[in-house]
Amino acid sequence: MTKQSVKPPLITANVVIFVGFPLLALILVPFWGLHRGYDSFQWLWALAFLYLNGLSITGGYHRLWAHKAYQAHPALKWFFALWGAGALQNSILIWASDHRRHHRHVDDDDQDPYSAGRGLWFSHMGWMLRNYPSGDNDFSNARDLQRDNVVMWQHKHYVALTTTMNLGLPLLLGIWHGDIIGTVLIVGLLRLVVNHHVTFFINSLAHFWGSRPYTESNSARDNGFLAFLTYGEGYHNYHHIFQTDYRNGIRWWQWDPTKWLIALCAKLGLASNLTRVPDFKIQRAIVDAQFTRARRELDERAGSETLREMLEREYQLFTDFVNQWRGLQTDRYERKVAELEGVLEIRRQQMLDGWERAALRSKLRELEYSLKNQRKRLGVILQQLQLQVHAEPAT
Ligand SMILES: [Zn+2]
Ligand SMILES: [Zn+2]
């Protein structure tokens, strides 16, 4: 494929926002700091705005609207629509439509609007600076969002909303506090630039730096440090394989304030139908990725027949577990259909129900446990493969 030699034209407004604003911040924020200084009131409000904007992008734009990982009460939608507009990352409709394309065509340089294959700079910011065909609006993947009143209202009034949130609110805070320029610089400008870059890290660094425990079929990475900066979105390898899960960091200790916010909203009655991927599916993805890695290691060297045989035996077991699990899912599905059709009498059904559900649950747990054990055994095989590499004399 030949690369285009002539670059598409620059988008002036975006150059001002993504190049002009950071430069202004770089010059004016230290200048005012040395001249007048900032106080804790301004820093705390800047931090509050940073999280309000950031979480509205990750919890609202991303997990709610782009991925439909849960359902939100209208009050929560309005909240995300307003504070998300304050992040100055375009309207929900444009953002979510681009993002769905990113998932569908990940790493495809022609169709993924911020494909990591086009480099770190392009995926971070470059994609927004020029009129690239891959960035053209196409809402055919967002018909559902076009039916959402909040989304369409925000889309229609986006410029007024983002100006109010980015300039109007910091101005009011500045008047209240008695230092308009300092407050606008910190709460308005610096907060905006910082939030831009930490959010952009998800498209750039989270596709270059970190581990790939769940799938190696795309460039997305898991990275705890990035998760800390990106309101929990740094577990991006998990997210790309299970995009409808409302969590990105699935362990309780993994830093994911977005998932905590959604869970809290669910407790308050503001969010419902939170999607969680079943544990078995998650374990299956991890084990599958281990097989891919082990096979690749084995293919790269000869003379590991014992390990190869062990691996193939494990693979047989793995296929069995997956088939059993699928069987159980089919049973569950058929029972649901039968219940709906009223095929079984209700009272007998209720007695059977409790018993059968418990049996089904214990079978599922057994399978999850078997898979966890297999994951450990595969870890040992992978370790032995690594040891072999180090033991081989350098050639
Ligand atoms: Zn991504
Ligand atoms: Zn996503």
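Which domains does the domain assignment of the protein chain give? The assignment, automatic or taken from a database, gives domain 1 (12-272) and domain 2 (279-391). The model is predicted, with local features needing pLDDT of at least 70 and side-chain atom pairs pLDDT 80 or more, while totals for chains, interfaces and linings use all residues. Residues are numbered from 1 along each chain as its sequence is written, and chains are lettered from A and ligands numbered from 1 in the order in which they are written.

Taken over C-alpha atoms, the centres of the two domains are separated by 36 Å. Seven residues of domain 1 are in contact (C-beta atoms, placed from the backbone, within 7 Å) with five residues of domain 2.

Two nonpolar cores are listed below; such a core is a set of buried Ala, Val, Leu, Ile, Met, Phe, Trp, Tyr and Cys residues joined through C-beta atoms within 7 Å. A residue is buried with 20 or more other C-beta atoms within 10 Å of its own, exposed with 12 or fewer, and partly exposed in between.

| Core | Residues | Members, among them |
|---|---|---|
| Largest nonpolar core | 32 residues | Y61, W65, Y70, I92, A96 and L145 |
| Another core, apart from it | 16 residues | F200, L205, Y214 and I241 |

Beyond four places in sequence, Y61 touches S56, A66, G84, I92, W95 and A96.

V29 is found in helix α1 (residues 12-35), helices being DSSP runs of H or I of at least four residues, numbered from the N terminus. V29 counts as partly exposed because it has 17 C-beta neighbours inside 10 Å. Leaving aside neighbours within four places in sequence, V29 contacts L185, I186 and L190. The C-alpha atoms of V29 and G182 are separated by 8.1 Å, although the two residues are 153 residues apart along the chain.

Key
Two residues are in contact if their C-beta atoms, placed from the backbone, lie within 7 Å. Helices (H or I, at least four residues) and strands (E, at least two) are DSSP runs, numbered from the N terminus.
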